Structure formats: structure tokens, C-alpha cells
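Here's a quick briefing to read alongside the model.

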Amino acid sequence: CALPICFEATRWSIVVAAGAADSQRAHRALEHLCSAYWYPLYAFVRRQGRSPHDAQDLTQEFFARLLARNFLGDADPAKGRFRSFLLGAMKHFLSDEWDRARAQKNVEDTLVKYPDIACLVGLWSYNGPAILNAVRGAGKLGAVKIVCFDENDETLAGVAAGEIYGTVVQQPYEFGKQAIMKMAKHLAGDKEALAGGKQIISTVSLKKDNVEEFSARIKQLLGK
């Protein structure tokens, strides 16, 4: 029978504390939230047809990413119930995991069908780790070059290790910076600030020799 999905009433003071800066109070709040919401989210994953073992692993990984990336800082009582926030985040997580598993299977099939293939290119963020895992599993690291797009953490680690040839990343922070600068000039009376239409922000090509510098810069921008 289907497992019941019962969420306890949300105490927003605990959620706010959990999403705050690192402190003993934040750690206690995180422990409470993980304890209170682990089983309801596990039950939700089981209802999606996952086995008990897979559901446990997925729920654990979901909380690990939730905490590592401080997604709780985005929770806002003005936007709805906390359980809705968690369920929405879990649905997005499961979709990503499905896409990633399917991508890896596609690569594994390709490596079997085309044993002499020399290069694989991933166009989406989750493609890099999926290709790397498949190539590594087939024992073809070095024999098959991997080229990716985006700055997935696993992709950057693969580039730093020399397992991924390179990845091309965009500069979203520069997008925001240039947009604000142009708008500020426009509001200050410079009517030419928005002339010329769109502005192109160049992409960045990352390889083993410059990926650590890029990662350090992103951490600095994020205040890590």
C-alpha cells in the first residue's frame, strides 16, 4: 500500500534559523528539519515507484544537496508553505536524477555501438558527470575526449583531474553586473546607455590549466 505523506506543521523560525549563517543554532535547526521531513520526503519518493533502497539513497542525496547549497536560504513564508517548497525542490531533484541516469545510459550504449569513438560532447549541465561516469566505467579514460558545457561541480573536478578535456561556461554574474550598470546609467540620464540592442557576454573555455583559478573566483563571488 502507498506510504502516508504526513508533514508536521512548519515552524518558520526554525527554517529561517537553518538557512542563516553557520552557527550552533543553525546546525540544531538543520538537524530538526532533517529529522522532521526525512520520512515524508522518503514516502513521496516511494510513491514515485522507487524501491525502498533507491528511495533512501535519493532522499539522503536530496538533503545533502539541500544543505550543501544552502537552498533553505531561498525558502520564504510569503511564497507558500514550507512543505510545498520541499516537495517542489524534491520533484526538480528527481527530474534531474532521471535525466542524468538516462544520459549515462545513452553514453554507455554509444560506447558499445561505436567502440572507436574519439570524442563525446555534453550540452547540458548533467551531461558532463554522466559522460565521465560512463567513460570511466568502460575503462576508456584518455582514449575518449570529453567536452562539456556548464560548470557542474563534478565536471569542474573532472577537468581539474585531466579526465575531462574541457568545458565551456557562461558568465551569469557578469550578465547581472552589466545589466545593472547599464540601467544605472540610463536612470541617471544617459539615454545612450541602452542603445545598440543586445550585449554579448563572452563565454569562458576551461581546461586543466585554468579551472582552479575559475573555481576560486566563483567561490569568492559567492562569499565561500
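A residue counts as buried under 20% relative accessible area, exposed over 50%, and partly exposed in between (1.4 Å probe, protein chains only). Keep in mind that this is a predicted model, where local features need pLDDT of at least 70, side-chain atom pairs count only at pLDDT 80 or more, and totals for chains, interfaces and linings use all residues. Residues are numbered from 1 along each chain as its sequence is written, and side-chain values use heavy atoms, with hydrogens and water left out. Helices (H or I, at least four residues) and strands (E, at least two) are DSSP runs, numbered from the N terminus.

**Salt bridges**

- The count comes to two salt bridges, taking one to be a side-chain nitrogen of Lys or Arg within 4 Å of a carboxyl oxygen of Asp or Glu.
- Lys105 and Asp109 pair up at 2.9 Å, N to O.
- Both Lys105 and Asp109 sit in helix H4, four residues apart, or about one turn of the helix.
- Asp109 is partly exposed at 38% relative accessible area, and Lys105 is partly exposed too, at 43%.
- Arg136 bridges to Glu163, with the closest N and O atoms 2.8 Å apart.
- Arg136 belongs to helix H5 and Glu163 to the loop between H6 and strand E3 (166-169), so this pair ties together parts 27 residues apart in sequence.
- Arg136 comes out partly exposed at 38%, and Glu163 likewise at 26%.

**H4 against H5**

- Helix H4 (residues 82-113) packs on helix H5 (residues 127-137) at about 40°, with the axes 8 Å apart; axes are lines fitted to C-alpha atoms over the stretch in contact, and angles run from 0 to 180 degrees between N-to-C directions.
- That makes H4 and H5 oblique to each other, since angles under 35 degrees count as roughly parallel, over 145 as roughly antiparallel, 65 to 115 as roughly perpendicular and the rest as oblique.
- On the H4 side, the contact (heavy atoms within 4.5 Å) includes Arg100, Ala103 and Leu111, and on the H5 side Pro129, Ile131 and Val135 are among the residues involved.
- The contact residues split into eight nonpolar, three polar and two charged; Ala, Val, Leu, Ile, Met, Phe, Trp, Tyr, Cys and Pro count as nonpolar, Asp, Glu, Lys and Arg as charged, and the others, Gly among them, as polar.

- Most residues other than glycine have a negative phi.
- Asp150 isn't a glycine, yet has a positive phi of about 85°.
- Asp150 lies in the loop between strand E2 (145-149) and helix H6 (153-160), and is partly exposed at 36%.
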